[in-house]
Amino acid sequence: MQFAKQKILIGCSMLILILSAAWIWISIPTPGSTTQGQIQAPQVGFAAPDFTLETYEGQTYALSEFRGKPVLVNFWASWCPPCRSEMPAMQRVYEDFEEEGFIVLAINSTNQDNIGEALSFGQDRQLSFPILLDRTGSVSSLYEIRSLPASYFIDPEGIIQDVVIGGPMSEALLRIRVEEMLEGKS
Amino acid sequence: MFPTLQVGPLSIQVPGLVLLLGLWLGLTVSERRSRQRGENPNYLYTLLLITLLAGFLGARLSYAVTYPDAFSANLLSLISLNPGLLDLSAGIYIAAGAATIFIYRKKLPLWSTLDSITPILAILAIALGVSHLASGSAFGKPTGLPFGIQLWGAVRHPTQIYEIILGCLVFTVIWLIDKTTWSQIPGNFFLTFIALTALSRLFLEAYRGDSFLFANGIRSAQLYAWILLAICLLVIVVRNWKQPSTEEAAS
């Protein structure tokens, strides 16, 4: 009786392993069945949705014009304490890697911020990267922003490599992500 | 998808919150199971605390060792709560090592202890599915099926919901098994859970749209799940080979 049970146990185990191996083989994806990198979506592995915004001075920036460079897109507002806290670290990392082509696009959620306070914050902190004004909230909507800050690390191929929702981001995290994107390790 | 919950100025990460709730619920269920079996559940809390602490510290230190320049430029980053600064695989190895040392030093029976923590793992597996649903990660491949969900620019298999359903099924099966003679042999309860979880991952992965593929197109998670399944089944067969059946043991 005991022997019979053992035989059933071994038989069932073998059957499960053979069937599951067959399932692995059957489920090998056909080329193009995964859409990462092809579709624009605000998620890791997808192409970063393109946008065009202006600074307060009227200078226009489009994300697509920075293809070939690592980009950090950061959504922020002047009333948001973690947004304010992480800006100095972003500025230091930007200064350190600017010559290597690193770009920071700080998108101010102007539709829910006071433009005067946002600009004076940028001047007080001597932020040298462009502060883009999302006056209608259309880019925040495109990136499905539900809370601030939100940061998207976009590699030179235009693919999102990391998304950090909330903050403040630590300086080490910023440095590591930028180095990874520059080295093509991400 | 609800990756964050805005409560006044606070932005709460829903996936993390769901995992914490799962951990608490799992611990409660495990404690109740241990009490029903006449075991002392107190060591479960210590074991869990040591495992989590060792895992977190190990993951952070391993990350800092990998990127010493970035951390030396800003030492405060060592205590940052940012989960992006964790080496997950190193954290898992160190947590497992710490748990093993605790079990060995307290002279706890290995297989019975693993059986005791199984409900925690089973409920965490369901919570993981819910956290994936909240964040929109672990998403499915595009589908034309009527129950597909619009996500990341396409109608996709709702793999996060499949994951929750499979987790609930596995939990139900092990809950039923726990009442049978099968789980009276120490380790069978835990090994059955791991085998079923590996099997469900192997099935689920076929519908994922974010799989890492080997050069021959095989999904890496499926291969690892198959290897884990094979090891579990082998250990089950070997451990039950010379075990007398419960009826025989009783007579």
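Guide: Gladly, and please keep in mind that this is a predicted model.

Visitor: What makes up the contact between domain 1 of chain B and domain 2 of chain B?

Guide: The contact takes 16 residues from domain 1 of chain B and 17 residues from domain 2 of chain B, where a contact requires C-beta atoms, placed from the backbone, within 7 Å of each other. On the side of domain 1 of chain B that touches domain 2 of chain B, the residues divide into 10 nonpolar, 5 polar and 1 charged.

Visitor: Which elements does chain B contain, and in what order do they run?

Guide: The secondary structure of chain B comes to 9 helices and 4 strands, and from the N terminus on the elements run β-β-α-α-α-α-α-β-β-α-α-α-α. Of the 251 residues of chain B, 36% count as buried, and its C-alpha atoms fill a box of roughly 65 × 50 × 45 Å along the principal axes. Among the contacts in chain B with a separation of 6 or more, 66% are between residues 24 or more positions apart.

Visitor: Why does Trp152(B) count as buried?

Guide: Trp152(B) has 24 C-beta neighbours inside 10 Å, and a residue is buried if 20 or more other C-beta atoms lie within that distance of its own, so Trp152(B) counts as buried. Trp152(B) is found in the loop between strand 3 (149-151) and strand 4 (154-156) of chain B, and it has a positive phi of about 45° although it is not a glycine.

Visitor: And why does Lys107(B) count as exposed?

Guide: The cut-off for exposed is 12 or fewer neighbours, and Lys107(B) has 6 C-beta neighbours inside 10 Å, so it counts as exposed. Lys107(B) lies in the loop between helix 4 (88-105) and helix 5 (110-135) of chain B, and its phi is near 55°, a positive value in a residue other than glycine.

Visitor: Turning to chain A, what makes strand 2 and strand 7 of chain A edge strands?

Guide: Strand 2 (60-62) and strand 7 of chain A each pair on one side only, within an open sheet of 7 strands in the order 2-1-5-4-3-6-7, whose pairing is mixed. Neighbouring strands of this sheet are turned by 30° against each other on average, direction ignored.

Visitor: How does the span of helix 5 of chain A compare with what is expected?

Guide: Helix 5 of chain A has 13 residues and reaches 18 Å from its first C-alpha to its last, close to the 18 Å expected at 1.5 Å a residue. Its buried residues include Leu173(A), Ile176(A) and Met181(A), and what covers the buried residues of this helix includes helix 2 (81-97), strand 6 (150-154) and strand 7 of chain A together with helix 3 (68-73) of chain B. Helix 5 of chain A is followed by Gly184(A), whose phi is positive, near 70°.

Visitor: Which peptide bond is called cis?

Guide: The bond from Leu148(A) to Pro149(A) is cis, with omega near -5°, and Pro149(A) lies in the loop between helix 4 (138-142) and strand 6 of chain A.

Visitor: Finally, how many residues are in contact between chain A and chain B?

Guide: There are 39 residues of chain A in contact with 42 residues of chain B. The largest share of the side of chain A that touches chain B, 12 residues, comes from helix 1 of chain A, and the residues of that side divide into 19 nonpolar, 15 polar and 5 charged.

Technical notes: Residues are numbered from 1 along each chain as its sequence is written. Chains are lettered from A and ligands numbered from 1 in the order in which they are written. This is a predicted model: local features need pLDDT of at least 70, side-chain atom pairs count only at pLDDT 80 or more; totals for chains, interfaces and linings use all residues. Two residues are in contact if their C-beta atoms, placed from the backbone, lie within 7 Å. Helices (H or I, at least four residues) and strands (E, at least two) are DSSP runs, numbered from the N terminus. Ala, Val, Leu, Ile, Met, Phe, Trp, Tyr, Cys and Pro count as nonpolar, Asp, Glu, Lys and Arg as charged, and the others, Gly among them, as polar. The expected span of a helix is 1.5 Å times one less than its number of residues. Two strands pair if DSSP finds at least two bridges between them. Axes are lines fitted to C-alpha atoms, for helices over the stretch in contact, and angles run from 0 to 180 degrees between N-to-C directions.
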